[in-house]
Amino acid sequence: VTDGIAGNLVATPMNGATCSPFGLSLDGTDDYASIGDWEWGGTTSFEVYVKYDSFNSYSRVFDFGNGENNDNVVLCNTETTSTIRWAVFQESTHKAIETSNFDSASWTHVVATVSGTTMKVYKNGVLAGT
């Protein structure tokens, strides 16, 4: 999978993850996509379509970072609930919002943004939390 805008961000499916015209398919156990080194900063947004079959403990939609709780940006469910969790870890600072819910067994469109100290989550085009 290659970034269609700049063409320099490549994601490689790992541990059985597969790509199709519908997106990246993960088994919920150990599949993931490995993305090469990249930097982000300033105002940033991440957009995904997510369909959970079940809610495991903190199942990541994405987790970009340098190890557990080390300069990470994470979108996941909270514990084993359907609550949307959007978190940013910068060194020893951690900011997160929990809001709304992922829809079980149907597609949910989620946009997570960060601008300065403001984080937002949009669910299916509607602001769900700040």
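Q: Let's start with arginine 60: buried, exposed or partly exposed?
A: Arginine 60 counts as partly exposed, at 41% relative accessibility. Keep in mind that this is a predicted model.

Q: And which residue does arginine 60 form a salt bridge with?
A: That's aspartate 63, with the closest N and O atoms 3.2 Å apart. Aspartate 63 is partly exposed too, at 33% relative accessibility.

Q: How many salt bridges turn up in the whole structure?
A: The search finds 3. Another of them joins the side chains of glutamate 98 and arginine 85, at 2.7 Å from N to O.

Q: Where do glutamate 98 and arginine 85 sit in the chain?
A: Glutamate 98 is in strand β9, residues 93–101, and arginine 85 is in strand β8, residues 83–90. They are 13 residues apart, so this pair links distant parts of the chain.

Q: Is arginine 85 buried or exposed?
A: Buried, with a relative accessible area of 16%.

Q: OK, what does aspartate 103 pair with?
A: Aspartate 103 makes a salt bridge with lysine 123, and the closest N and O atoms are 3.2 Å apart. Aspartate 103 lies in the loop between β9 and β10, while lysine 123 belongs to strand β11 (residues 118–123), so the bridge ties together parts that are 20 residues apart in sequence.

Q: How accessible are aspartate 103 and lysine 123?
A: Aspartate 103 is partly exposed at 25% relative accessibility. Lysine 123 is buried, with a relative accessible area of 16%.

Q: What stands opposite lysine 123 in β12?
A: Valine 126 does. The two strands involved, β11 and β12, run antiparallel and are joined by 3 bridges.

Q: Which strands make up the open sheet, and in what order?
A: There are 4 strands, ordered β5-β10-β11-β12, with antiparallel pairing. The edges are β5 (44–50) and β12 (126–129), each of which pairs on one side only.

Q: How much twist is there from one strand to the next?
A: It averages 25°.

Q: Switching topic: where is threonine 99?
A: Threonine 99 is in strand β9. It is buried, with a relative accessible area of 10%.

Q: What does the side chain of threonine 99 reach?
A: The side chain of threonine 99 reaches the backbone oxygen of alanine 128, at 2.4 Å.

Q: And what does threonine 99 touch, leaving out residues up to four places away in sequence?
A: Leaving those out, threonine 99 touches Thr83, Ile84, Val121, Ala128 and Gly129.

Q: Last topic, cysteines. What does the disulfide count come to?
A: The count is 0 disulfides. For background, a disulfide is a covalent bond between the sulfur atoms of two cysteines.

Q: Is cysteine 76 buried or exposed?
A: Cysteine 76 is buried, at 2% relative accessibility.

Q: And how accessible is cysteine 19?
A: Cysteine 19 is partly exposed, with a relative accessible area of 40%.

Notes: Residues are numbered from 1 along each chain as its sequence is written. This is a predicted model: local features need pLDDT of at least 70, side-chain atom pairs count only at pLDDT 80 or more; totals for chains, interfaces and linings use all residues. Side-chain values use heavy atoms; hydrogens and water are left out. A salt bridge is a side-chain nitrogen of Lys or Arg within 4 Å of a carboxyl oxygen of Asp or Glu. Buried means under 20% relative accessible area, exposed over 50%, partly exposed in between (1.4 Å probe, protein chains only). A polar contact is a pair of N or O atoms within 3.5 Å; within protein, one must be able to donate a hydrogen and the other to accept it, and residues adjacent in sequence count only if both atoms are side-chain atoms. Contact means heavy atoms within 4.5 Å. A disulfide is a pair of cysteine sulfur atoms within 2.5 Å. Two strands pair if DSSP finds at least two bridges between them. Axes are lines fitted to C-alpha atoms, for helices over the stretch in contact, and angles run from 0 to 180 degrees between N-to-C directions.
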